[in-house]
Amino acid sequence: MEWSANSNLKQRLDRIHDFMKRLARPVRIMEVCGTHTVTACRSGLRALLPDNLALLSGPGCPVCVTPADFIDRAILLARRPDAVIATFGDLLRVPGSLGALELEKAKGSRVRIVYSALDALELAAKNGERKVIFLAVGFETTAPGIAWVVRQAAERGVKNFSILGALKTMPAAMAALLSAGDADIDGFLCPGHVSSIIGTHPYEFIGRDYQRPCVIAGFEPLDMVLAIEMLLEQIVSGRAKVRNGYRRAVGAEGNRPARAIIAEVFAPADAEWRGLGLVPGSGLKLKKRFKNHDAETLFPGLDVPPGVDDPECLCGAILRGRAVPSACPLFGRKCTPSSPVGACMVSAEGACAAYYKYCRCGGIARKELFSSAQRGAKADRCGL
């Protein structure tokens, strides 16, 4: 049976349509996680929602929010004759100002694809004559595993292993979006993976300080429908709380051992986000006791100018919920999965890649963004 034929789904969709009739205004919900964007595109969910309900992508794809200057620092390290860069595969094609790691690899630099930080540690242990630098990107979901590997490196005395860190935390980025004043977001679908680590409490300030409801959502289409229904129920009633729509995986306290090892190895730090700029306290930096595994400490001279993106690329606006991929003049033309210009077209979790794969209509996805000036106008759905 098709998921859209589920009777429970029909009841929930009916409630969503009823809520939107009662609101009688456009509503913009940010799907913070890139996997939610993929689910919404792949399942055809958008086509089942009311016309005046918009789902916007957010900054929840770790590759997408990695800024160009991080790629530039990785490239400088890759050019060292004694270095090996170990990285997840989807970072290879992310463009920096100096190019992409994929090109450096083609030129002969030692760039190795790994599937975990532990793979990188074992690579270092087997290649003592090389300095192995793991590119540590991701959110609270990947941070515990990387923290454990850094501690393992220290305990085993693997001195040629280090990380170039770009780990980020999600609640601070959501606050930054709202503080910027241009977000125009009515509520958040909070990422299920991140929430399984941090629990529900870290989002509470969003309702208290910004009066925006949050619902933690799983990644099946019906999970998203449930979460949207829970958000609209709050919006209609004027409430702004954190609700958990993913109880089978997320508890209020999150994963305590995972949070403990993050706190043991990392300390909060400011972090640069593609599209959002510098967000205070939104990053994770190795504590001093692990400085011997911090690439920025071990390899001075990594200071690079701020990265420069293609001026026509709208990745930054897309990550802030201010544009949809189809609004970018490069989308589907100069920028495609086989030849990405922006980071959002690189990763499988990227909004542009998801729209390109699932939501194109005659080659170009249709507009579904409500700007303030467009409120009241009927949106052209992401045609499915």
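Reader: How many bridges join strand β6 to strand β11, and do they run parallel or antiparallel?
Author: This is a predicted model. In it, two bridges join β6, residues 161-168, to β11, residues 277-286, and the two strands run antiparallel.

Reader: Which residue in β11 stands opposite K168?
Author: That is G283.

Reader: What packs on the sheet around there?
Author: Helix α8, residues 170-179, touches β6, β10 and β11. The direction of α8 makes about 170° with that of β11. Helix α6, residues 117-126, packs on the sheet too, touching β3 (83-87), β4, β5 (131-138) and β6. The direction of α6 makes about 175° with that of β5.

Reader: In what order do the strands of that sheet come?
Author: The order is β4-β3-β5-β6-β11-β10. These six strands form an open sheet, and the pairing is mixed.

Reader: Why is one side of β4 and of β10 left without a neighbour in the sheet?
Author: Because β4 (111-113) and β10 (266-273) stand at the edges, and each has a single partner strand.

Reader: And the twist, what does it average?
Author: It averages 30° from one strand to the next.

Reader: Changing topic. Which strands form the open sheet with parallel pairing?
Author: Five strands form it, in the order β2-β1-β7-β8-β9. The edges are β2 (53-60) and β9 (242-244); each has a single partner strand, so one side of each has no neighbour in the sheet. Neighbouring strands here are turned by 25° against each other on average, with direction ignored.

Reader: How many bridges join β8 to β9?
Author: Three bridges join β8, residues 214-217, to β9, and these strands run parallel. I216 has N244 in β9 as its bridge partner.

Reader: Which strands does helix α2 lie across?
Author: Helix α2, residues 34-43, lies across β1 (27-33), β2, β7 (187-191) and β8. It runs at about 120° to β1.

Reader: Now the inside. How many residues has the largest nonpolar core?
Author: It has 105 residues. Those with the most contacts inside it are F134, F161, F188, Y203 and F266.

Reader: Take F134. What is it in contact with, leaving aside neighbours within four places in sequence?
Author: Its contacts are A86, F88, V114, S116, A117, A120, I146, F161, S162, I163 and L164.

Reader: What does the second core include?
Author: That core is separate and has 24 residues, among them L13, V27, L55 and V225.

Technical notes
Residues numbered from 1 in each chain as written. Predicted model: local features only at pLDDT ≥ 70, side-chain atom pairs only at ≥ 80, totals over all residues. Heavy atoms only, no water. Core = buried A, V, L, I, M, F, W, Y, C linked by side-chain atoms within 4.5 Å. Buried < 20%, exposed > 50% of the residue type's maximum accessible area, 1.4 Å probe, protein only. Contact = heavy atoms within 4.5 Å. Pairing = 2+ DSSP bridges. Helix = DSSP H or I, 4+ residues; strand = E, 2+ residues; numbered from the N terminus. Axes fitted to C-alpha atoms, helices over the stretch in contact; angles between N-to-C directions.
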